Amino acid sequence: MTRLEFRVHELTVGQLAERSGVAVSALHFYESKGLISSRRTAGNQRRFTRDTLRRVSFIKISQRVGIPLAEIKKALATLPEERTPTVDDWARLSETWRADLDTRIAQLERLRDDLTDCIGCGCLSINKCALANPYDELGDQGPGPRRLMVECARPDDGDPCAGSGKAGGGGTVAADAGPCVPADR
């Protein structure tokens with residue numbers, strides 16, 4: 001890997017890709033979505049400020065834990081444009097996702113621990129399901145694997161687990177505000 005000199009204040013897209021471990025095409029995509037920005041030289045080449053490396057790393061880590069790009073974009077918009085973000089900036093930003101990440105962790109732990117058990121799907125085909133979900137009582141709560149799903153008690157305001165099919169298993173959205181809660185707990 002090419003070491004960047006300290007006095008280099010701008011990076012080419014190739015340097016940013018090499019240093020961040022992100023493909024050039026992904027950097028172009030991030031830029032098209034407004035997650036990062038560059039300036040253009042007289043020859044129409046992209047130049048990224050050095051702090052873009054931190055932003056790209058933040059995007060990669062956030063995606064890895066399942067944060068949708070729309071949420072990442074909102075978070076990055078709170079960071080200062082005129083200076084490199086500080087440790088306090090990053091701490092404040094990451095704190096906003098703590099509750100959602102805790103909910104996801106709990107759901108993954110439940111999935112790990114209960115996957116071989118009844119998941120509340122209503123199939124009643126496994127002997128244990130008849131004991132754990134007699135007469136498909138969990139079916140009254142709605143469709144799907146009720147014991148593994150998450151319901152959100154928040155309106156769909158970009159919440160990563162609001163609505164079906166999104167990260168977190170997707171549940172129903174209730175009218176009152178509150179944290180995401182497991183469907184059967």
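Phe58 counts as buried in this predicted model, since its relative accessibility is 12% (buried means under 20% relative accessible area, exposed over 50%, and partly exposed in between, with a 1.4 Å probe and protein chains only). The model being predicted, local features need pLDDT of at least 70 and side-chain atom pairs count only at pLDDT 80 or more, while totals for chains, interfaces and linings use all residues. Residues are numbered from 1 along each chain as its sequence is written, and side-chain values use heavy atoms, with hydrogens and water left out.

A search of the whole structure returns three aromatic pairs (rings of Phe, Tyr and Trp, the last by its six-membered ring, pair if their centres lie within 6.5 Å; planes under 30 degrees apart count as stacked, over 60 as edge-to-face and the rest as tilted). In one of them, the ring centres of Phe58 and Trp90 are 5.0 Å apart and the planes meet at 40 degrees, so this pair is tilted. It joins distant parts of the chain, with Phe58 in helix α3 (residues 52–64) and Trp90 in helix α5 (residues 87–95), 32 residues apart. Helices (H or I, at least four residues) and strands (E, at least two) are DSSP runs numbered from the N terminus. Trp90 is also buried, at 17% relative accessibility.

Phe58 and Trp97 make a stacked pair, 5.5 Å centre to centre with 20 degrees between the planes. Because Trp97 sits in the loop between α5 and α6 (98–114) and Phe58 in helix α3, this pair ties together parts 39 residues apart in sequence. Trp97 is buried too, with a relative accessible area of 8%.

Turning to the strands, an open sheet of three has the order β1-β3-β2 with antiparallel pairing (two strands pair if DSSP finds at least two bridges between them). β1 (10–11) and β2 (39–40) are at the edges with a single partner strand each, so one side of each has no neighbour in the sheet. Two antiparallel bridges connect β2 with strand β3 (residues 46–49), and Arg39 has Arg47 of β3 as its bridge partner.

Helix α3 returns in the lining of the largest pocket, to which β3, α3 and α4 (69–77) each supply at least two residues. α4 gives the most, with three residues. Of the 17 lining residues, Leu35, Ile36, Ser37, Arg55 and Glu81 lie nearest the centre of the pocket (on a 1 Å grid over the protein atoms alone, a pocket is an open set of points where a 1.4 Å probe fits, with protein on both sides within 12 Å along at least five of seven lines; lining residues have an atom within 4 Å of a point).
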